[in-house]
Amino acid sequence: MAEADIAFAAAAGAAGLALSISAWAWRLRRAVAVRESMIERDRAAGALNRAVQDGALTAFDDIRIGMTPGEAPILLGRTDMLETARTTFARDIQGTPAAALAEALHTRHAEAIDQLLADGTPFTARDGDWRIEGSPVTGTAWLRLTRIERGHDHGAEGEQAFGAGLIADASPNPTWVVDHEGRLVWANRSWLAEVKSPSVEAAREAHLSFDRGADQLAAEAGRVGSHQEGFRWTAGDGRRRAWKIMAEPLVSGGWGGPGGPVLVFAIDMTEAEETRDTLRRHVEAHDETLNHLADAVAIFGPSRRLAFHNTAFQTLFNLDPAWLDERPTHAELLDRLRQRRMLPEVIDYAGWKARELEFYEATEAAADDSWSLPDGRTLRLVRQPHPLGGILLLFSDITGELSLRSRFNAQLQVQTATLDKLNDAVAVFGSDGRLRLHNEAFEAFWNLSAEKLEEAGDFDAIAELCKAALPDAALWLGLKARVADPDPESRVPISGEGRTADGRIASWQTRPLPDGATLVAFADVTARRELEQALAQREAALKESQALKREFVGSVSYELRTPLTTIVGYSELLETMGDLPERSRQHAGAIRVAAAQLTGSIDDVLDMAQIDAGEMELSLGDVRVRDLFAVAVEKHRPRIEGRGAKLKAVAAANLPAIRADARRLAQAIDHLLDNAGRSVSEGGAVSLRAEANASELRIRVEDTGRGIPYHLQAHVFDRFVKRERGGPGVGLALVKALVELHGGWAEVESEPGKGAAFILHLPLEAASDAAAPELALG
């Protein structure tokens, strides 16, 4: 670019900048001029307003005197009227015009002015051509003097103005006026009481303020020249109070707008706010309570939008909480549930949805409804108009309840069917005495139909029907006490019997049930009692026959013992004779052995009879098993070895001694060895063993004989049973009885063809009632 072009561009830019600065300066000067004009107009308006206010005080022919105890009087009024009043009332009184006039009026109207000063009692009086009115205002007693001209009262207009002032001053709401600079101009008694000031002048001098926030609101109203409202809380006298502040710019003398005085009202809203706060807490508590309910709750407002839902509602339908917080409409909720297949399957969804939304027009709660959802759940739905408009929906998942009810009904039917199959007459009465349940046997037992029982209903009526068959008043009174008395001492099982009018024996019993009901059962026990009586007679006959048997056995045994003793004695004598041939000696020995065996059998029979009679006593003592084995082996070895068999006894040296009857144990071992000796054959063996543990001693007698058939092993210890092993059939039974007398027991182990083993289990300390008490001591 050429230098000439550069210079031209620079000149053009400078010219444009100069023009811009000039335009900006012109606009600035114009704005300053407008602002100065507004300030001047405001100043003129203020001066005019003050002039108007000053003129208002002197525009009428009245005089006002303010009297406050302890302070100089205040005198307001036109100069000529003041001079006239001084000439009329205080011509001869020295002092300031206000003091002189106040003193003169007090002298002339002392009683009324004293009551005005003391109690604030207003009054009206006439003194010549003057009308005198007294009224208290903000702690000051004001007197108003008005000239009366020949029956015409020129104070009516002033009286209205003064009355308006009285109304404002008597308002319970604090009211005050501030100027454009925020200084207090006027305040009523409520305002002075709130700030605790005796007068407006005192409050002004102390720069008292009702509330800083209210002052800011008044300043804002004065600045913008429009109505302002606010809400403030103040603290005083130990409590918080709520105020609604209203600031209104005043219009006076036809002038108004920004910069003028402001009238401020404070309305006490404490009670309303406390009520609102109480209501809010109640709503929050209500919502919190609903959130703890298991049932789902949804509230739709008058606009059909979701106003509230609890946690159970969101969980029941698994809805997004954020979407619910957007407050969807009822129709949108139904659409969302249908998309997620959480509504009942219907053919006409649009019609179904319209019917659901029709409930907003209902004035009463609808009947309960149920929804069967595709996922198998069943919901109970309650629709109820909300007091604030809209509708309240309550959802309950009754799937489990229906399942329980179904199972309960099935169980009740099974229970009823089970009771009907019982032979006993059963009835169940509730705690209120009503018949809840009975079976068919109950109807048959009392010969009553189901219709009669249902018609009777309660216990008293049913008892009256049953008394025809069982007229026992005490019985029915006792049953009623068990059915209707809630006292736990009365709800105890009882039973008894009675005879019916037709000769049957009826037994009855009661059982308290867990749910407070009582079961009463009756049974016809006539046949049972007759059978019991027959059995008792047979038992008595059996006992008598057993006693006769024992007596017969004992008598026969003792009768047989005497000739056997003679036979044994003479056979032994023949054996000792030297001139007796050998064959005869053998015959005599055989006779002696047979007689001895018969004597043993008789002794066994006598022992069994003694045991059966409970007359056998044990002589307890410390018994060493090794000593018993030694005696038993020495006694039975000749016979067993004579059959070509071997006898072996094994007992550990450290076996403990047991507390037992040595003679009876030896008797039991002898029988077992004798039994084994008869069973074993040539080449066989018999063993006698003993072992012990911490609680018992086991004696085992085992042989290698032919064994015991399986079908006879269960009866091997029975008495008087024929056995293949021979013997009178008493020995093994006696062994079992002797071991049981010691508190032990006996068993057999056998495999046919391979021998048998008998095991005696004996406690280390005999626990037997057959032992003498002094012998049972250790």
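In the predicted model, Arg 529 and Glu 532 form a salt bridge in which the closest N and O atoms are 3.1 Å apart. Both residues belong to helix 19 (residues 526-576), where a spacing of three residues places them about one turn of the helix from each other. Arg 529 is partly exposed, with a relative accessibility of 23%, and Glu 532 is likewise partly exposed, at 39%.

A salt bridge also joins Lys 353 to Asp 335, again with 3.1 Å between the closest N and O atoms. Because Lys 353 lies in helix 13 (residues 349-357) and Asp 335 in helix 12 (residues 330-339), this pair ties together parts that are 18 residues apart in sequence. Lys 353 has a relative accessibility of 18% and therefore counts as buried, the cut-off for that class being under 20%, whereas Asp 335, with a relative accessible area of 28%, is partly exposed.

Arg 700 is partly exposed at 26% relative accessibility, and Glu 749 falls into the partly exposed class at 38%.

Salt bridges also connect Arg 131, Glu 133 and Arg 144 in a network. Over the whole structure, the search identifies 36 salt bridges.

Note on methods. Residues are numbered from 1 along each chain as its sequence is written. This is a predicted model: local features need pLDDT of at least 70, side-chain atom pairs count only at pLDDT 80 or more; totals for chains, interfaces and linings use all residues. Side-chain values use heavy atoms; hydrogens and water are left out. A salt bridge is a side-chain nitrogen of Lys or Arg within 4 Å of a carboxyl oxygen of Asp or Glu. Helices (H or I, at least four residues) and strands (E, at least two) are DSSP runs, numbered from the N terminus. Buried means under 20% relative accessible area, exposed over 50%, partly exposed in between (1.4 Å probe, protein chains only).
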